[in-house]
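Subject: Structure handover

Hello,

The model is placed below, and my notes follow it. Please read them alongside the coordinates.

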Amino acid sequence: MQTMKNTQTKPLILKCFFFSLFLSVPIFLLSSSRSLGSKTTDAPPGNQRAGDLRIRPGYNSYEAYIERQLNKTLNPKLRRIWTTRDWDRKINVFAQFFEDLKQRQLLMNESKALCIGARVGQEVEALRRVGVADSVGIDLVPYPPLVLEGDFHNQPFENETFDFEFSNVFDHALYPDKFVGEIERTLRSGGVCVLHVALSRRSDKYSANDLYSVKPLTKMFGRSELLHLRTVDGFGLDTEVVFRKK
């Protein structure tokens, strides 16, 4: 009798097991599909386009972006050109730009000035030669005494440090909003920011963004007013944009 009872119980247990397994499979699949559907992946910077500002593709991480920028900054041939053949030529051109800004009362000898993305510091030297002695630059690679080490996405300065900030490397910003945000953070109230940008042509192969009008700039400079806009010839950059922080 005991043997017969055992043999009857086993089929019943197996039936219950298979029935529960049958019910669990759809639940597992439903749960899995919900889990997969909830996954989010941040779009790479290169997939972003907001109106007249496009972030170029090709950067899988911020580290990859920095590495590419350093490939240009540390290029021995370029650094030799910047410090020899281009040295006086660029200083003279920058000095003309800064003298014009002084005539329009946008830059003073007493101004505390910053040049953003200054490479080996031609623009800093130009500022000093036109009388703006308290001038310094930042770049990923320092070039003492003119240029300090610094990332323009995260300037190494306190709030409201400068009266004047100049840059001709906006096109190298992977995060333009952070680039502009750091300018407005470190610029004093009433301070002036001058950008040289390319609108009518595309910048070099190391550029991280393409700008097609000044509209994105005026939107990002939310704490500043647009003072001046003009065409210039600035080493491949064609437009000068001037903002004053409110």
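Strand 7 (residues 187–197) and strand 10 are joined by six bridges and run antiparallel; in this pair, His196 stands opposite Glu240 in strand 10. Two strands count as paired if DSSP finds at least two bridges between them. Helices (H or I, at least four residues) and strands (E, at least two) are DSSP runs, numbered from the N terminus. In general, the strands of a sheet pair through backbone hydrogen bonds, either parallel or antiparallel.

This is a predicted model, in which local features need pLDDT of at least 70 and side-chain atom pairs count only at pLDDT 80 or more, while totals for chains, interfaces and linings use all residues. Residues are numbered from 1 along each chain as its sequence is written, and side-chain values use heavy atoms, with hydrogens and water left out.

The sheet

Strand 10 also pairs with strand 9 (residues 224–234), antiparallel and over eight bridges, and strand 10 itself covers residues 237–245. Leu226 faces Phe243 of strand 10. The two strands make a hairpin with two residues between them, and Phe235 in the turn has a positive phi of about 55 degrees.

Both pairs belong to an open sheet of seven strands with mixed pairing, in the order 5-4-3-6-7-10-9. Strand 5 (147–149) and strand 9 are at the edges with a single partner strand each, so one side of each has no neighbour in the sheet. On average, neighbouring strands of this sheet are turned by 20 degrees against each other, direction ignored. Helix 4 packs on the sheet and touches strand 6 (162–167), strand 7, strand 9 and strand 10; its direction makes about 145 degrees with that of strand 9. Contact means heavy atoms within 4.5 Å; axes are lines fitted to C-alpha atoms, for helices over the stretch in contact, and angles run from 0 to 180 degrees between N-to-C directions.

Pocket and cavities

The search used a 1 Å grid over the protein atoms alone: a cavity is a set of points where a 1.4 Å probe fits but cannot get out, a pocket is an open set with protein on both sides within 12 Å along at least five of seven lines, and lining residues have an atom within 4 Å of a point. Grid points are joined across faces, edges and corners, and a volume is the space filled by probe spheres set on the points.

The largest pocket holds about 540 Å³. It is lined by 23 residues, of which Lys72, Lys90, His172, Asp204 and Phe235 are the closest to its centre. Helix 3 (76–83), helix 4 (87–103) and helix 5 (122–129) each supply at least two lining residues. The lining has eight nonpolar, seven polar and eight charged residues, where Ala, Val, Leu, Ile, Met, Phe, Trp, Tyr, Cys and Pro count as nonpolar, Asp, Glu, Lys and Arg as charged, and the others, Gly among them, as polar.

There are two cavities of 30 Å³ or more in the whole structure. The largest has about 150 Å³ of space, and of its 17 lining residues Gln69, Arg119, Asp139, Leu140 and Phe152 are the closest to the centre. Helix 2 (62–73) and strand 4 (135–139) each supply at least two residues of that lining; helix 2 gives the most, five.

Backbone

Arg119 has a positive phi of about 55 degrees although it is not a glycine, and lies in the loop between strand 3 and helix 5. The Pro144 to Pro145 peptide bond is cis, with omega near 0 degrees.

Confidence

The mean pLDDT (the predictor's confidence in each residue, from 0 to 100) is 84, with 79% of residues at 70 or more. Residues 1–44 have pLDDT below 50, and beyond near neighbours in sequence this stretch has two contacts in the model. Where pLDDT is low, the predicted coordinates should not be read in detail.

Regards
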